[in-house]
Amino acid sequence: LGVPQHYWRGETWDFYTGRGWDHSQKVALDRTSDEPIIRYNIPGAVTIVQTVQILAPRADILFAANQPHSVAQPYRIMSLGEEDYSVLYLRRVPLASVTYQVTSTIPTLGELDLRRSVPVYPEWVETYYLQLPKTLPDRVVQLAKELTAGATTPYDKVLAIQDYLRKLPYDPKIKLPSTGNYDAVDWFLFTQKGYCDYFGTVMAVMLRSVGVPARLATGYLTGFYDYGLARYEVSENDGHAWTEVYFPEYGWIDFEPTPGRAAITRPPGSLLTNEPI
């Protein structure tokens, strides 16, 4: 109790193909130690420093909470331009355990803060995070519109779609068909069961279809907090995928559409102005 709960983001995905996700840009840039990843100022945010030890690396991805802004060693970034990126890398693929330090900025917001966010999006957000394939079936868009018909803000649209998905069955073994002409989101919605990758994907695509920028994020759940050692212990079993939604004033905000996973709760008022609801 009282220990902050963070998702440890490793990679984000902006381009939905109809069958899965890809990176629309694959520009790798080398950065020096402590060089800012991207430059932004988030009102009311807190800064946390994470020292991460990966005991059995399988790739060169750096994991961090929410919006990392610097790494205390040289690193590589897969860039989407000056304002965004999709993944951070170590400068080499680790062959044994590796330790690094990363600093993140964590938005601290209430529901009222998110409801007040003005949905005027930068060009790069509209380009990358409202993208949908022309083959997306109409019934996916129609369902998203029906679910959000009474929503007056992007945040309320997010909640409407998230709440719908969290009521569907969870099935960790389900697989997409190996043949045939189908869209993955459409297949999931009308099969109505799947696991975190499906739920995170469907939420992002449905939100895009009603004009709310969103993306899939992959990484790890919080894991187990060891009070004696004052550290989080995260295993392969904590691997997870979720949805991130862009709010212009605050950047990327985590949401949890997968049933059976703890919902991300926020106080109903404002944490920026201390207003109750």
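Modeller: Helices in this description are DSSP runs of H or I with at least four residues, and strands are runs of E with at least two, both numbered from the N terminus. This is a predicted model, in which local features need pLDDT of at least 70 and side-chain atom pairs count only at pLDDT 80 or more, whereas totals for chains, interfaces and linings use all residues. Residues are numbered from 1 along each chain as its sequence is written, and side-chain values use heavy atoms, with hydrogens and water left out.

Colleague: Between which helices does the loop with Thr148 lie, and is Thr148 buried or exposed?

Modeller: Thr148 lies in the loop between helix H3 (138–147) and helix H4 (154–165). Its contacts (heavy atoms within 4.5 Å), not counting residues up to four places away in sequence, are Lys157, Ala160, Ile161 and Val210. Relative accessible area under 20% is called buried, over 50% exposed, and in between partly exposed, with a 1.4 Å probe and protein chains only. Because its value is 7%, Thr148 is buried.

Colleague: In which strand is Thr12 found?

Modeller: With a relative accessible area of 2%, Thr12 is buried. Leaving aside residues up to four places away in sequence, Thr12 touches His23, Tyr85, Ser86, Arg215, Leu216, Ala217 and Glu244. Thr12 belongs to residues 8–13, which form strand S1.

Colleague: How many aromatic pairs does a search of the whole structure find?

Modeller: A pair of aromatic rings is described by the distance of the centres and the angle of the planes. Rings of Phe, Tyr and Trp (its six-membered ring) pair if their centres lie within 6.5 Å; planes under 30 degrees apart are stacked, over 60 edge-to-face, and the rest tilted. For the whole structure, the number of aromatic pairs found is 18.

Colleague: What is the class of the pair formed by Tyr7 and Trp242?

Modeller: This pair links distant parts of the chain, 235 residues apart: Tyr7 is in the segment before S1, and Trp242 is in strand S14 (residues 239–247). Tyr7 is buried at 11% relative accessible area, and Trp242 is buried at 0%. With 4.7 Å from centre to centre and 55° between the planes, the pair is tilted.

Colleague: What class does the pair of Tyr225 and Tyr227 have?

Modeller: Tyr225 is partly exposed at 22% relative accessibility, whereas Tyr227 is exposed at 52%. Their ring centres are 5.0 Å apart and their planes stand at 85°, so the pair is edge-to-face.

Colleague: What is the volume of the largest cavity?

Modeller: On a 1 Å grid over the protein atoms alone, a cavity is a set of points where a 1.4 Å probe fits but cannot get out, and lining residues have an atom within 4 Å of a point. Grid points are joined across faces, edges and corners, and a volume is the space filled by probe spheres set on the points. The lining of the largest cavity consists of Arg9, Gly10, Leu62, Ala64, Pro68, Tyr85 and Leu88. The volume of this cavity is about 30 Å³.

Colleague: Which element gives the largest share of the lining of the largest pocket?

Modeller: A pocket is an open set of points with protein on both sides within 12 Å along at least five of seven lines. The largest pocket holds about 1100 Å³ of space. Of its 32 lining residues, Val52, Gln53, Ile54, Tyr232 and Val234 are the closest to its centre. Seven residues, the largest share of this lining, come from S5.
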